[in-house]
Amino acid sequence: QVQLVESGGGLVQAGGSLRLSCATSGRTFSSYVTGWFRQAPGKEREFVAAIRWSGDSTYYEDSVKGRFTISRDNAGNTVDLQMISLKPEDTAVYYCAAGRIWRTSKYGTSDYDYWGQGTRVTVSS
């Protein structure tokens with residue numbers, strides 16, 4: 001079983017940066033694809049980024065490509081999402097998720113098996 005806890009969210013002005021972290025208990029991320037999703041108020045949860053279990057491949061939603069970076073520590077205990085040049089439209093609750101499907105196309109929530117509780121990111125203009 002995989003248990004996920006996100007941290008690092010907060011309030012930041014447009015153009016600023018935040019680093020989100022997802023920590024696992026139980027199995028390490030080395031055995032799973034890890035994804036970040038976000039959900040803004042009144043909107044569906046949408047895919048943001050994913051990293052392969054090996055940590056050697058990543059995939060990003062077009063809207064965050066070049067601004068967000070997903071990474072995994074060597075031991076597979078944490079997966080981070082470094083966010084720079086934040087925009088007000090990035091405001092959302094960000095969720096960490098783990099699954100067993102890897103591909104370089106957009107993920108849906110059904111592609112992941114385990115979810116954290118989310119961490120809120122608010123970007124002010």
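Modeller: Let us begin with pairing: two strands pair if DSSP finds at least two bridges between them. Strands are DSSP runs of E with at least two residues, numbered from the N terminus. This is a predicted model, in which local features need pLDDT of at least 70 and side-chain atom pairs count only at pLDDT 80 or more, while totals for chains, interfaces and linings use all residues. Residues are numbered from 1 along each chain as its sequence is written, and side-chain values use heavy atoms, with hydrogens and water left out.

Colleague: How many bridges join β1 to β3, and in which sense do these strands run?

Modeller: The two strands are antiparallel and are joined by six bridges. One of the residues to look at is Q3, whose bridge partner in β3 is S25.

Colleague: Which open sheet holds these strands, and what is its order?

Modeller: It is an open sheet of four strands, ordered β1-β3-β8-β7 and paired antiparallel. β1 and β7 are the edge strands, as each pairs on one side only. From one strand to the next the twist averages 15 degrees; such angles are taken between N-to-C directions, on a scale from 0 to 180 degrees, with axes fitted as lines to C-alpha atoms. As a general idea, side chains in a regular strand alternate between the two faces of the sheet.

Colleague: Which strands pair with β9?

Modeller: Strand β4 (residues 33-39) runs antiparallel to β9 and is joined to it by seven bridges; here W36 has C96 as its bridge partner. β11 pairs with β9 in the antiparallel sense over three bridges, with T119 as the partner of Y94. Strand β10 (residues 114-115) is also antiparallel to β9, over two bridges, and its Y114 stands opposite A98.

Colleague: Is β9 mostly covered or exposed?

Modeller: Buried means under 20% relative accessible area, exposed over 50%, and partly exposed in between, with a 1.4 Å probe and protein chains only. β9 is mostly covered, since eight of its eight residues are buried.

Colleague: Which residues have the most contacts inside the largest nonpolar core?

Modeller: A nonpolar core is a set of buried Ala, Val, Leu, Ile, Met, Phe, Trp, Tyr and Cys residues joined through side-chain atoms within 4.5 Å. The largest has 26 residues, and W36, V48, F68, I70, L81, M83 and Y94 have the most contacts inside it. Strands that supply at least two residues each include β1 (2-7), β5 (46-51) and β11 (119-124). β9 gives the most, with four residues. Apart from this core lies another, of nine residues, among them V33, F47, A50 and Y59.

Colleague: What is Y94 in contact with, beyond its neighbours within four places in sequence?

Modeller: Contact means heavy atoms within 4.5 Å. Among the partners of Y94 are W36, V48, F68, L81, M83 and V121.

Colleague: Which residues form a disulfide?

Modeller: A disulfide is a pair of cysteine sulfur atoms within 2.5 Å. A search of the whole structure finds one: C22 and C96, with sulfur atoms 2.0 Å apart. The link is left-handed, with -80 degrees about the S-S bond. C22 lies in β3 and C96 in β9, so the pair ties together parts that are 74 residues apart in sequence. C22 is buried at 0% relative accessibility, and C96 is buried with a relative accessible area of 0%.

Colleague: Which residue has a positive phi although it is not a glycine?

Modeller: S85 does, with a phi of about 50 degrees. S85 is found in the loop between β8 and β9 and is partly exposed, with a relative accessible area of 37%.
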